[in-house]
Amino acid sequence: GNAAIGDLMTELEAVVQGARGDWPAVRALLEKAPLAAFKPESQNRATVDALLGRALVETHDPARAVPVLEHALFLATGVVYTGDSANYLVPGASFALARALWDSGGDRVRARRLAARAAELAVPADRPAIETWLAAHPG
């Protein structure tokens with residue numbers, strides 16, 4: 001129910017904040033999370049999918065990350081979000097999807113397009129990492 005979802009989101013926030021890059025811990029939490037409890041088209045589900053997708057990329061499982069990140073972006077750029085509410089989610093999910101596509105042997109042209117878009121939308125502190133990746137992954 002909603003209480004369980006609230007508890008999960010609180011625990012997830014604590015793990016993400018506390019882990020500071022401990023992506024195996026984030027992945028472990030999310031892989032045991034009751035994702036079916038989320039409404040399929042909710043902001044919480046989009047956030048969870050974006051984080052799980054990033055965790056899968058960071059723990060070297062790009063093929064599994066692709067559909068998860070595709071879903072996160074679908075939600076974040078679709079009916080769930082309007083206006084500025086997706087701004088924090090779209091760049092990170094786009095860049096993670098770019099990396100997942102590239103690393104899993106997927107569409108490299110699309111991967112570069114996603115990363116370039118992520119660089120445009122990202123907060124200034126996140127841009128150098130994306131630009132470095134783009135330079136290292138030429139079309």
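Reader: Let me start with one residue. Is Ser 94 buried or exposed?
Author: This is a predicted model. In it, Ser 94 counts as buried because its relative accessibility is 4%, and the cut-off for buried is under 20%.

Reader: Where does Ser 94 lie?
Author: Ser 94 is part of helix 5, which covers residues 90-103.

Reader: And what does its side chain reach?
Author: The side chain of Ser 94 reaches the backbone oxygen of Val 90, at 2.8 Å.

Reader: Which residues does Ser 94 touch, not counting those up to four places away in sequence?
Author: Leu 73, Leu 114 and Ala 118.

Reader: Stepping back. How many helices and strands are there in the protein chain?
Author: Seven helices and zero strands. Along the sequence the pattern reads α-α-α-α-α-α-α. Of the 139 residues in the chain, 45% are buried.

Reader: Which residues touch the most other members in the largest nonpolar core?
Author: Leu 69, Ile 130 and Trp 133, out of 46 residues in that core. Helices 1 to 7 each supply at least two residues of this core, and the largest share, nine residues, comes from helix 5.

Reader: What does Trp 133 touch, again leaving out residues up to four places away?
Author: Trp 133 touches Phe 95, Ala 98, Arg 99, Trp 102, Ala 111 and Ala 115.

Reader: Arg 99 in that list has a charge. What does its side chain meet in a salt bridge?
Author: Glu 58, at 2.8 Å from N to O. Glu 58 lies in helix 3 and Arg 99 in helix 5, so the pair ties together parts that are 41 residues apart in sequence. Arg 99 is buried, at 16% relative accessible area, whereas Glu 58 counts as partly exposed, at 23% relative accessibility.

Reader: How many salt bridges are there in the whole structure?
Author: A search finds nine. One of them joins Glu 31 and Arg 27, at 3.0 Å from N to O. These two are about one helical turn apart, because they are four residues apart in helix 2. Arg 27 and Glu 31 are also linked with Asp 61 and Arg 64 in a network of salt bridges.

Reader: Staying with helix 2, which of its residues are buried?
Author: Trp 23, Val 26, Arg 27, Leu 29 and Leu 30. They are on the same side of helix 2, because they cover an arc of only 165 degrees around the axis.

Reader: New topic. What about the loop between helix 3 and helix 4, which residue has its place there?
Author: His 60 is in that loop. His 60 has a positive phi of about 65 degrees, although it is not a glycine. With a relative accessibility of 70%, His 60 counts as exposed.

Reader: And Ala 65, buried or exposed?
Author: Ala 65 counts as buried, at 0% relative accessibility. Its place is in helix 4, residues 62-77.

Reader: What is Ala 65 in contact with, leaving aside neighbours within four places in sequence?
Author: Gly 53, Leu 56, Val 57 and Ala 100. As for Asp 49, which is 16 residues from Ala 65 along the chain, the two C-alpha atoms are separated by 9.2 Å.

Reader: Last one. What share of contacts with a separation of 6 or more comes from residues 24 or more positions apart?
Author: 55% of them in the protein chain.

Notes:
Residues are numbered from 1 along each chain as its sequence is written. This is a predicted model: local features need pLDDT of at least 70, side-chain atom pairs count only at pLDDT 80 or more; totals for chains, interfaces and linings use all residues. Side-chain values use heavy atoms; hydrogens and water are left out. Buried means under 20% relative accessible area, exposed over 50%, partly exposed in between (1.4 Å probe, protein chains only). Contact means heavy atoms within 4.5 Å. A polar contact is a pair of N or O atoms within 3.5 Å; within protein, one must be able to donate a hydrogen and the other to accept it, and residues adjacent in sequence count only if both atoms are side-chain atoms. A nonpolar core is a set of buried Ala, Val, Leu, Ile, Met, Phe, Trp, Tyr and Cys residues joined through side-chain atoms within 4.5 Å. The arc is that of the directions from the helix axis to the C-beta atoms. A salt bridge is a side-chain nitrogen of Lys or Arg within 4 Å of a carboxyl oxygen of Asp or Glu.
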